[in-house]
Amino acid sequence: MADNIILDFGQRSGEATVPSSKSQAHRLLICAALTLFQKHHADHISSATANQNKKILLHCVGLSKDIEATLNCLKAMGIKVEICKEVITLSLPDGIKTSKDRVFKCGESGSTLRFLLPVASALGQEAIFHMEGRLPERPMEPLTKVLSQHGVIFKKNGELLHSRGQLNSGVFELPGNISSQYISGLLMALPLLEKDSRIRIIGKIESVDYITMTEEALRLSGIEIEKIHTTEYLLEYIIKGSQQFNIPTELAVEADWSGAAFFLSLGALSEKGVTLLGMNMNSSQGDMRIVKILEKFGAKIKISDTKSLTRSQKDGKNTRDIKDIKGIKDISGKTELSQSYIFVQKEKLQGIELDASLIPDLVPVIAVVAAGADGVTTISGAERLRIKESDRLATTCEMLNRLGAKVEVASDGLIIHGKPRLKGGEVDSHNDHRIAMSAAVAASLCTEKVIVNNASCVQKSFPDFWEKFEILK
């Protein structure tokens, strides 16, 4: 697609679907790869018939750039990856490559880098992690420091991070207020070590729901972890060593609540409303809080169970039935996927006060809704947005102000003065997928067209966002 897009102004309505959760897909793919590695090792110990016909299938709608990054890294580790339509098949052939100069192409995916760095170290794999965009600038020191204390050696050279050495078990102390991804990476890596380990998390934990998603993926894989609260530390995990990953051979990734937030927010700004299909209302994804947040603004919300729902793309492409994946386990281990539709419609919107520390990724699109609400909205607890794909406090403020809003950057958030209408104009995504998609939502408040530059950055998380957006009229 062209790297800029011109959007019609005004409200939108209709039905939409979103891709699978990339956060959940990262975790399931890594647990699946570790299952294959350990089965391969066990086969070679027990017999000469190595790893025949061992495959794991993951049903995943929409292959984003971040998921492609994780798949590329799994290939570098020796995993065979096949993709057919919406099914990713992982397998491990007999002849595993043992090259010492494995290149892990992480793209701009922080999850890929922060998850696989401890995992590769636990497997004793020497690797070169190649980072793109703002990823080399984003903090890694707390994770590399604690890994260095347990036997791993690092050397950073611009966009390249070299790692070598065998990770050793022990006590791993991390701050909780920088990135939950450090904790998730260690939780996936430490069961591979021979001896028991502990993770001690000091201080307030940010984005705790993402750690919960990791715990779910590990339980589904048969990994046992003990979580306890102590007086000296806020939280401590006890992870037994020499555990075996054993994830089911066929899995489905549930729909992405982060992507859903954009269409639900469009509904909150629409007199006719927007219906989102195929969502799991029992999800552990923290971004499903968007429903309660929009309700707090004053939007009308209706949720209905749709276990027999047909997921129609309504765009001339093939339709997909939920029944096509019935019986396949989701991350909770259940074999019947929970599917609901959510209808969101505009009513009188009022500004709110919001602590965004648990849902930082939602801040740009929440700011758009706030720009169309009466009164002032104050968003706090979002200082970590400065180290995302862009400085999202600055770029959200810039994007909305260019469209005619009145937004100020605070020390840890945003102050938005609502208006009934915005003007429109030209904005830059700053190569940040969430800024680009938030600008699309903002177009529904405008009286003139909106031009989004660098619009193709949505490939990072939502490859067909613009096509889905244009379906709504």
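Phe462 sits at 1% relative accessibility and so counts as buried (buried means under 20% relative accessible area, exposed over 50%, partly exposed in between, with a 1.4 Å probe and protein chains only). Phe465 is at 0%, so it counts as buried too. The model is a predicted one, in which local features need pLDDT of at least 70 and side-chain atom pairs count only at pLDDT 80 or more, while totals for chains, interfaces and linings use all residues. Residues are numbered from 1 along each chain as its sequence is written, and side-chain values use heavy atoms, with hydrogens and water left out.

A pair of aromatic rings is described by the distance of the centres and the angle of the planes. Here, rings of Phe, Tyr and Trp (its six-membered ring) pair if their centres lie within 6.5 Å; planes under 30 degrees apart count as stacked, over 60 as edge-to-face and the rest as tilted. That rule gives eight aromatic pairs. Phe465 and Phe469 are about one helical turn apart because they lie four residues from each other in helix α12 (residues 465-471); helices (H or I, at least four residues) and strands (E, at least two) are DSSP runs, numbered from the N terminus. Phe469 is buried, as is Phe465. Ring pairs join Phe262, Phe263, Phe462, Phe465, Trp466 and Phe469 into a cluster.

Phe263, Phe465 and Trp466 turn up again among the residues with the most contacts inside the largest nonpolar core, which has 75 residues. Such a core is a set of buried Ala, Val, Leu, Ile, Met, Phe, Trp, Tyr and Cys residues joined through side-chain atoms within 4.5 Å. Apart from it lies another core, of 70 residues, including Leu58, Met131, Leu187 and Leu218.

Leu218 is also one of the residues in contact with Phe245 (heavy atoms within 4.5 Å), along with Cys31, Leu34, Met188 and others, leaving aside neighbours within four places in sequence. Phe245 belongs to the loop between β13 (235-239) and β14 (250-252), and is buried at a relative accessible area of 2%. Its C-alpha atom is 8.9 Å from that of Phe37, 208 residues away along the chain.

In helix α4 (residues 141-148), the buried residues include Pro142, Leu143 and Val146. The helix's buried residues pack against α3 (110-122), β8 (153-157), β9 (160-164), β10 (171-175) and α5 (180-189).
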